[in-house]
Amino acid sequence: MRDFTLEKYQELCETLLGCGYAILTVRDYLQQRENGQENVPKTAILRHDVDRKPENALRMARLENEMGICSTYYFRYPYTFKPEIIRKIRDFGHEIGYHYEVLAKAKGDPEIAIRFFEQELKAMRDICEINTICMHGSPLSSYDNRDLWKEYDFRNYGVEGEAYLSIGGRDVRYLTDTGRSWSGKRSVRDIMPGSGRVNVKTTDDLVAWIESSGIEELYLTVHPERWAVSAGDWAISYMKDVVMNTGKNIIVAMR
Ligand SMILES: [Zn+2]
């Protein structure tokens, strides 16, 4: 059976639920912790970065809704900003967040970047509530979008948390499907400080690891564009990852 299909994703979610994990949005997790609920056993934060193909996000959101799951979907502006899709996903009960990449857009100038940030955040808030944000990794840019918060404070913009900065450092095991492997080896920036790597590659490996590890706090990032619904869709998505991975391997090797 092919990996990275919607069926395989459903299997992953069923595993989490079957193992007794409470699946949380980024916002819900941060609020729980803020309310002093530390070390709540078996929680899994479920995050989606909608880098491309918002229609795939909608399918994933619908599937999760059918399974009784709420997660967080981060949308880029303007690349995946599709108000109609965003509203539908929100109506399924999911959290909508802002996937910002303004420092890369501003070529590293924080004053220009923060203006972009305000404009884009406002445009998103015109259609729905935004409470948390998440940097886009911009793998081919030399700027790390999170560096904007060395100069400014996102709380001054009514933002409760940033998906890396507000969770990094806690005792959470972070896993991402970046580069079509769960091992994290292909992540240029998609790395959580303090979270060790897990030696899993395929989603089947991940499912087996979740079933046996008994880990208390999990944090999963799933890119909906990677999870195909048709065979043709799967082949195109696979080839895109092969091309991107070649570029990223060069970047990782240069570090
Ligand atoms: Zn992204």
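Residues are numbered from 1 along each chain as its sequence is written. In this predicted model, local features need pLDDT of at least 70 and side-chain atom pairs count only at pLDDT 80 or more, while totals for chains, interfaces and linings use all residues.

**Stop 1: the whole protein**

You will find eight helices and eight strands, which are DSSP runs numbered from the N terminus (helices: H or I, at least four residues; strands: E, at least two). The C-alpha trace spans about 50 × 45 × 35 Å along its principal axes.

Now colour by burial. Buried residues make up 40% of the 255 residues; a residue is buried if 20 or more other C-beta atoms, placed from the backbone, lie within 10 Å of its own.

**Stop 2: helices H3 and H4**

Next, select residues 54–66 for H3 and 83–91 for H4. How are two packed helices described? By the angle between their axes and the distance between the axes. Here the angle is about 15° and the axes are 10 Å apart. The axes are lines fitted to C-alpha atoms over the stretch in contact, and angles run from 0 to 180 degrees between N-to-C directions. H3 and H4 are therefore roughly parallel to each other (angles under 35 degrees count as such).

**Stop 3: where they meet**

Finally, show the side chains of Pro54, Glu55, Ala57, Leu58 and Ala61 in H3, which meet Ile85, Lys88 and Ile89 in H4. Contact means that C-beta atoms, placed from the backbone, lie within 7 Å.

Notes: Angles under 35 degrees count as roughly parallel, over 145 as roughly antiparallel, 65 to 115 as roughly perpendicular and the rest as oblique. Two residues are in contact if their C-beta atoms, placed from the backbone, lie within 7 Å. A residue is buried if 20 or more other C-beta atoms lie within 10 Å of its own, exposed if 12 or fewer, and partly exposed in between; C-beta atoms are placed from the backbone.
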